[in-house]
Amino acid sequence: MTAEEENVFDVYRDQVDRPLSRLFREYGTDELHWLVLGMVANVVARVASLVPPVVLGVAVDAVFAGDGAYTLPLLPDAWLPTESAAQFRFSAALIVGSFLTTAVFTWVYGVAANNFAHRVMHAVRTDSFEKMQRLDMTFFDDKQTGEVMSVLNNDASNLEVFLDNALQNSARLGVMILGIAAVLFYYNHELALVTLTAVPLMVLFTLWFMRAVEPRYVEQRSVVGDLNTALENALSGVELVKTSNTEDHETDRVANASYDYFRQTMSILRLNYLYRPGMEFLAGLAFAVTFVVGGVWLSAGPPGPFTSTLTVGTFITFVFLTQQFVAPLAEVSNIVDQYENAKASSERVFGLMDVPVRIADDEDAVDLGEVAGRVAYDDVSFGYTETPLEDPADADEYVVDGVSFEAEPGETVALVGPTGAGKSTLLKLLLRLYDVTEGEIRVDGHDIRDVTLESLRSSVGYVSQDTYLFDGTIAENIRYGRFAGVDHDVESEELRERVIEAAKAAEAHAFIDALPEGYDTRIGERGVKLSGGQRQRIAIARTVLQDPAILVLDEATSAVDTETEMLIQRSLDRLSEERTTFAIAHRLSTIRDADTILVMEDGAVVERGTHEDLIDADGLYAKLWGVQAGEIEGLPEEFVEKARERHVDRGYGNDD
Ligand code: ADP
């Protein structure tokens, strides 16, 4: 994906207005006390660090050269010693005292600034994750997970760096420039003018740099997202990559993305290479000019238009303070870096947060309450949109087209038909993973768009073809969704009993019990240590525990061996008793007893009825049944015999 091919975030990103001030408004205000404490401590520490050069200059003139009064700015003369040895001791004490003050307040500032930055980052990360989870399914179909990861990780960290370093460094810079300028002007405004001529040059140079670097940062952020997407895709699909021998292809893909990132980073760094030494040169120039002009002044009197006198002590103060200029000014490039980074990052964060969510609770959504399980599809049509941004009404073509049916509580409706006919999609609509484009779906008489998502989804159990297990123990996976603080004590004996009961009902107890640590066995990421059939039974146990009034079974019996299939089928039959059940199955024998069978083709229901009705009707269903039962007319007898054998083997035969 190139940067020109906009991803969905870009659109909202471009609309984010003044992202950093929004960051402060929305997240900074709660932690403002840390920021203020950090800023104050920072200012005190920096001001204290200006004291030694001033004291040194005064001491040189008054104590060592003896040609000046011992006076200090801000301190009344009455407080100061008059005798030379005492003045020396007082100066030494002041110098030690200010270093100590700097140290103590630098510590306070570190603690406060880090607290501020990390607390804000934590809140931003948590909020964007929360928002990300609520995004519509269409958003995830678009495979933007790399982008999202990068928002949650990189962007949140960029904000942290900015809120901590950049903010405090610019405060330090401000204090140093203003403080040093004030001291310089106080002691000799003419030489101060000479020293500070470099400052406007630095400002101009910095403005140029910011303008040049900003678009490159924006580009860099988007390239990082592409790189993450490439990495993430290759990792999630590692099995496919290995089996298709596409390691080199994937390496190329990552290499390309990484090279783009490298190029973009270098284009930023090239500017940095220029900026940093440039700033240091300008700061050094200020130092050199001060040294030369001050030196001439001391040896030959005020040069050019200048008239004031310059003492050795003041000259020393100037030289020391001018040097202190250099370090914070050279930081400007970092501050600009971090500022640009943070601006782009907060744009991305808010870009994510601003993506509108279509499938969310209506303002006056009601709780479904106790669900009987009456489900009605009323002329339902639906089509996928190309991108999550499109209006669903603009879907190119319907994959579910004018489907109507009703299911009474406890009934079983089976969906059959060729792959791609729209069966899964039809059932996903019931869970509001997508919203219908036309028509409506009712549960117990409520349009599902008028009820809360939580009450809808907790009353519908979903066992999909793709069983996902979280990293954690088997017991945790079975009781997933029932957490402490709701109405369960997760450690309670009672819940444990119910987990075991559920596992028994799902025919999973035997294999779980045989594991070394039983229910406390940890399953690796994606449940890799369990077979497909075992994972499916854990998912079924989870649904048993959920105890929903309505059940959606999406091809739950595919891809397992015969014995497992029988176990699964038995547990599903048990599970679907008393519940309104919608089942998609490729193996027609498993849905023979369904109350209604809907035969779908190209998004529409082409036949409906009981198994017997449909066989009698001799349409598509009868043909599919014939194929599966091995009764294909017109084929040579031995062919039919083989097919029948195969079918019998698969359905009821061997145990291995
Ligand atoms: P079935 O379950 O009958 O195999 P599906 O409901 O999975 O059919 O798919 C119906 C059609 O919708 C297919 O053409 C499929 O390619 C398309 N489709 C399924 N899921 C998506 C999706 N997330 N985005 C876009 N198109 C999809």
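## Glu340 in helix 12

Glu340 belongs to helix 12, which spans residues 332-353; helices here are DSSP runs of H or I with at least four residues, strands are E runs with at least two, and both are numbered from the N terminus. Glu340 is buried, because its relative accessibility is 2%. Buried stands for under 20% relative accessible area, exposed for over 50%, and partly exposed for values in between, with a 1.4 Å probe and protein chains only. The model is a predicted one, in which local features need pLDDT of at least 70, side-chain atom pairs count only at pLDDT 80 or more, and totals for chains, interfaces and linings use all residues. Residues are numbered from 1 along each chain as its sequence is written, and side-chain values use heavy atoms, with hydrogens and water left out.

Apart from residues up to four places away in sequence, Glu340 touches Met210, Val213, Glu214 and Tyr217; contact means heavy atoms within 4.5 Å. Between the C-alpha atoms of Glu340 and Val443 there are 51 Å in space, and the two residues are 103 residues apart in sequence.

## The ligand and its surroundings

Which residues are around the ligand? They are Asp141, Tyr384, Val399, Pro418, Thr419, Gly420, Ala421, Gly422, Lys423, Ser424, Thr425 and Tyr434, where a residue counts as near if one of its heavy atoms lies within 4 Å. By class, this shell has five nonpolar, five polar and two charged residues. In this classification Ala, Val, Leu, Ile, Met, Phe, Trp, Tyr, Cys and Pro are nonpolar, Asp, Glu, Lys and Arg are charged, and the others, Gly among them, are polar. Helix 13 (residues 423-430) supplies the largest share of the shell, three residues.

A polar backbone atom of Gly422 is 2.9 Å from a ligand oxygen, and a polar side-chain atom of Lys423 lies 2.9 Å from an oxygen atom of the ligand. For Thr425, an N or O atom in the side chain is 2.4 Å from a ligand oxygen. A polar contact is a pair of N or O atoms within 3.5 Å; within protein, one must be able to donate a hydrogen and the other to accept it, and residues adjacent in sequence count only if both atoms are side-chain atoms. The ligand taken alone exposes 560 Å², and the protein buries 63% of that; accessible areas come from the Shrake-Rupley method with a 1.4 Å probe, and for residues only the protein chains shown count as cover.

## Salt bridges

Side chains of opposite charge can pair when their charged atoms come close. How many salt bridges does a search of the whole structure find? The search finds 19, a salt bridge being a side-chain nitrogen of Lys or Arg within 4 Å of a carboxyl oxygen of Asp or Glu.

One of them joins the side chains of Glu26 and Arg22, at 2.8 Å from N to O. Both residues lie in helix 2 (residues 19-28), four residues apart, about one turn of the helix. Glu26 is partly exposed at 39% relative accessibility, whereas Arg22 is buried at 14%. Another salt bridge pairs Arg253 with Glu250, whose closest N and O atoms are 3.1 Å apart. These two residues are separated by about one helical turn, because they are three residues apart in helix 10 (residues 247-300). Arg253 is partly exposed, with a relative accessible area of 41%, and Glu250 is buried, with 12%.

The side chains of Asp471 and Arg522 also meet in a salt bridge, at 3.5 Å from N to O. This pair links distant parts of the chain, 51 residues apart: Asp471 is in the loop between strand 6 (460-463) and strand 7 (472-473), and Arg522 is in strand 8 (residues 522-523). Arg522 counts as partly exposed, at 48% relative accessibility. Salt bridges with shared partners join Arg22, Glu26 and Asp354 into one network.

## Two residues with positive phi

Most residues other than glycine have a negative phi, and most peptide bonds are trans. Arg432 is not a glycine, yet its phi is positive, about 55°. Arg432 sits in the loop between helix 13 and strand 4 (438-443) and is buried, at 3% relative accessibility.

Asp602, also not a glycine, has a positive phi of about 50°. Asp602 is located in the loop between strand 11 (596-601) and strand 12 (604-609). Is Asp602 buried or exposed? Asp602 is exposed, because its relative accessible area is 66%.
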